[in-house]
Structure formats: C-alpha cells, structure tokens
Amino acid sequence: MVRLSRAETQERNRAKVLAAARDEFAEQGFRDAKIDVIAERAELTRGAVYSNFPGKRALYFAVLAELAERSAGAPHAMPGETIEGALGALARSRVAAFPLDDDQAGLVRDLIPEVLADERVRRPFAQLVKLNGLLLGLALERLDPPERPPGSPIPRRVRLAETVLTTLHGAGQLAAAAPGLVEPFDVVSACERLAGLTLNDWWAPPVIVPAAQAADRPWSPPEAVDLVRGESFVPADGVVVVLGTHRLGAAEEAVRAHDGDVTVVVVTSEPAELVPLTRLIVAEMCGGLRQAFPRPSWPRLRVVCDATGTLAAAAGVLAVSDETEAAIRVDRGRIVATADGRGAGHAVSGEVSRVDSG
C-alpha cells in the first residue's frame with residue numbers, strides 16, 4: 001500500500017468533505033444541513049471537516065465554487081459573432097445551469113439569503129457583481145466596436161452588461177425559488193433583444209488620485225490562475241492592481257486609463273469565506289463569457305484570487321485587507337511605478353514620464 005503524504009491526505013480529505021457536503025446541501029438545503037452528517041457521509045471526524053473549512057458557510061461557498069468552475073468548461077467552438085448573438089449564447093449558458101427540480105434548487109436557493117444576512121459577505125458580493133459587469137461590458141466593447149472619431153474612447157457598454165446580468169440573476173433566483181416556472185427560451189430571447197438597448201453610458205475618471213511614485217526593481221511574480229480565462233499564467237508587463245473585496249469596482253479606473261493588459265489581484269482578510277465566494281461569482285460570469293465570445297474579444301483584464309497574499313507581496317503589498325487598494329506598473333519585467341490608496345490603479349496607468357520621481 002502506498003503511503004500518502006500529509007499534503008496528499010489533506011487534499012483527499014478535502015475532496016471527500018466537498019463531495020459529502022454537496023450531497024447534504026442538495027438534499028437538506030444550507031440551513032438544515034449538519035456538519036456531523038457531512039462528516040459521517042465523508043467517513044471522517046467532525047474535527048477533520050473543521051480542519052479544512054472553519055464553518056458551514058465557508059464549506060457551502062466552496063461547494064458552489066467547485067461546481068461553478070467545473071461547469072465553466074472550455075471556450076465554445078461557435079461563439080457569437082455579434083452582440084446579439086453573444087448575449088444569446090451567454091444567456092443559453094446561464095439558463096442551462098438553472099435548477100430543474102427541487103433537489104437542484106435546494107443546493108443554490110440559500111446563496112442569496114446568506115449573502116444578504118451578513119454585511120461582511122454582502123459588500124464583497126456587490127463588488128464582485130460590479131466586477132462581472134465590467135468584464136462583460138469590456139467583452140461587448142471589443143466584440144463590436146462602433147464607429148467613432150479617431151482618438152476618441154470606445155463607447156462604454158458596462159450599463160448594458162449590468163442590465164443583462166440583472167435579467168439573468170433575477171431569472172436564476174426565480175428558477176431556484178419556483179422550479180419549472182421560468183421559461184429558458186424567453187430569458188434567452190430577452191437578453192438578445194437587450195443588444196439593441198440604447199443607454200447614455202459613460203465613465204468619469206476619479207477626481208482625486210494619489211501621486212504615483214517612480215520605481216526600478218525587478219518583477220518576479222509567482223504563477224497564478226486567471227479566473228477570466230480559467231488558465232494559469234505569469235503576470236507580465238502592464239498594470240497590476242491589488243484590490244480588497246470592498247474595492248473591486250476600482251478595477252475600471254485602471255482599465256480605462258491604461259491601453260494594455262491589466263491584472264486585478266483580489267485580496268481579503270477573510271479568505272475562508274470570501275475566496276470561494278470570489279471564485280464562485282467570477283466563474284459564473286466567465287464560464288459563460290468564454291463560451292459566448294470569441295477569444296479575441298475577451299477583455300484585456302485578468303482576475304487573480306490571491307488567497308495567501310503571495311502575488312500581492314511580490315507587488316510590494318505586504319499587509320492586505322478588504323479595503324486594500326494599491327497598484328504597480330510593470331515595463332520590460334521591472335516595476336517602474338507604484339501607488340497606494342484610492343485611485344492607485346488610475347495613478348500608475350498614465351505615461352511613465354508623468355510619474356513623480358521625488
């Protein structure tokens with residue numbers, strides 16, 4: 001018999017706990033599920049469950065995150081070629097995940113009540129949904145850029161994206177509360193028709209930003225997983241913004257000011273619950289985005305969930321919280337500018353020549 005290492009044993013036990021918890025949550029719902037029963041299903045002790053997950057809600061979010069990432073899948077062979085086609089494809093991928101019966105509904109129907117029940121979860125959830133709106137809006141802008149005067153910015157489509165997400169979220173919640181009531185084809189048709197919606201959408205840059213500081217030090221980041229593309233990468237040249245889960249809406253400040261790659265590093269002081277919640281909410285969006293949009297139109301924005309703070313530390317951010325907001329600019333493998341505080345991403349995104357060297 002091959003003897004497993006401690007790390008291998010822990011990973012095996014974690015997988016057993018997740019599988020047992022998935023069955024228990026599906027049958028009993030989050031509120032009525034019992035840790036003792038989950039431990040019994042997994043053939044482990046109650047202590048073994050808590051050694052992997054500090055609480056039932058952390059375990060619940062982890063189960064949903066695993067399912068969302070597993071169902072995200074690979075890019076679709078026939079993505080939409082127009083905004084209408086892409087939104088229809090996105091809607092089809094989302095309604096395919098709607099619960100079809102009470103057993104499936106039992107697994108997901110308690111998510112939003114749990115989010116609303118605790119401000120520590122509600123605020124990050126709101127920021128994650130805002131980040132999803134930005135990701136979808138950027139994909140829409142790249143898929144079909146409208147004609148515009150030379151040098152003028154691409155018209156913003158984030159409000160259209162948020163309207164689509166509102167439609168899909170509402171339909172999903174109703175499908176969970178009343179399985180069988182929502183007609184999937186109607187939801188797809190509604191999202192396709194939203195493509196023609198005209199909105200007065202624009203983005204205002206921040207009025208006050210911190211002064212960016214010139215720097216010259218090597219950039220040696222660890223390999224990370226991009227939640228947008230579902231693949232590993234090593235952050236290279238561009239802007240890296242380290243954002244706590246209360247500040248994710250600030251990602252757009254870097255995106256609009258920098259004509260290049262932007263990496264958002266999500267950090268938190270409560271990783272047990274907020275890391276799986278981040279994985280869950282971003283996977284729900286980006287799994288559909290990868291299937292609905294051709295790869296060239298995917299946003300030039302990467303999202304990394306930095307559970308241990310390792311990538312943040314490489315960027316010089318040694319202490320993180322849910323209010324963290326810091327940024328660096330990397331050029332030819334070296335950090336050339338840094339900023340800290342509200343507007344940091346916007347501050348480092350300008351030309352290097354404008355960075356304060358004092």
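1. Does Asp322 count as buried or exposed, judged by its relative accessibility? At 7% relative accessibility, Asp322 counts as buried, where buried means under 20% relative accessible area, exposed means over 50% and partly exposed lies in between, with a 1.4 Å probe and protein chains only. Asp322 sits in the loop between helix H13 (310-314) and strand S7 (325-331), and its C-alpha is 3.9 Å from that of Gly244, although 78 residues separate the two in sequence.

2. A word on the basis of these remarks: this is a predicted model, in which local features need pLDDT of at least 70 and side-chain atom pairs count only at pLDDT 80 or more, while totals for chains, interfaces and linings use all residues. Residues are numbered from 1 along each chain as its sequence is written, and side-chain values use heavy atoms, with hydrogens and water left out. Helices (H or I, at least four residues) and strands (E, at least two) are DSSP runs, numbered from the N terminus.

3. Helix H1 (residues 6-32) deserves a careful look. A straight helix of 27 residues would span 39 Å at 1.5 Å a residue, whereas H1 spans only 32 Å between its end C-alpha atoms; the expected span is 1.5 Å times one less than the number of residues. H1 also has a kink of about 85 degrees centred on Ala26, the bend at a residue being the angle between axes fitted to the seven residues ending there and the seven starting there. The buried residues of H1 include Val17, Leu18, Phe25 and Phe30, and also Asn13 and Glu24.

4. Helix H12 (residues 271-292) has 22 residues and reaches 30 Å from its first C-alpha to its last, which is close to the 32 Å expected at 1.5 Å a residue. Because 18 of its 22 residues are buried, H12 is largely enclosed by the rest of the structure.

5. For helix H9 (158-177), the 20 residues should span 28 Å at 1.5 Å a residue, and the end C-alpha atoms are 28 Å apart, which agrees. The buried residues of H9 are Val158, Leu160, Ala161, Val164, Leu165, Leu168, Ala171, Gly172, Ala175 and Ala176. They cover an arc of only 155 degrees around the axis, which puts them on the same side of H9; the arc is that of the directions from the helix axis to the C-beta atoms. An α-helix has 3.6 residues a turn, so residues three or four places apart point the same way. The face of H9 turned away from the buried side carries the exposed residues Thr166 and Ala177.

6. The largest pocket has a volume of about 1200 Å³ and is lined by 39 residues, of which Arg94, Ala97, Phe98, Leu280 and Glu284 lie nearest its centre. Among the elements that give two or more residues to this lining are helix H5 (83-95), helix H8 (119-143), H9 and H12. By class, the lining has 23 nonpolar, 11 polar and 5 charged residues.

On terms, a pocket is an open set of points on a 1 Å grid over the protein atoms alone, where a 1.4 Å probe fits, with protein on both sides within 12 Å along at least five of seven lines, and lining residues have an atom within 4 Å of a point. Grid points are joined across faces, edges and corners, and the volume is the space filled by probe spheres set on the points. Ala, Val, Leu, Ile, Met, Phe, Trp, Tyr, Cys and Pro count as nonpolar, Asp, Glu, Lys and Arg as charged, and the others, Gly among them, as polar.

7. Glu43, in the loop between helix H2 (35-42) and helix H3 (46-52), has phi near 60 degrees, a positive value in a residue other than glycine, and Glu43 is exposed, with a relative accessible area of 68%. Arg332, found in the loop between S7 and strand S8 (334-340), has a positive phi of about 55 degrees although it is not a glycine, and at 71% relative accessibility Arg332 counts as exposed.

8. Some further pairs are separated along the chain. Ala91, in helix H5, is buried with a relative accessible area of 0%; Ala91 and Cys191 are 100 residues apart in sequence and 6.6 Å apart in space, C-alpha to C-alpha. Pro184, in helix H10 (residues 184-193), counts as partly exposed at 31% relative accessibility, and its C-alpha is separated by 7.8 Å from that of Arg92, 92 residues apart along the chain.
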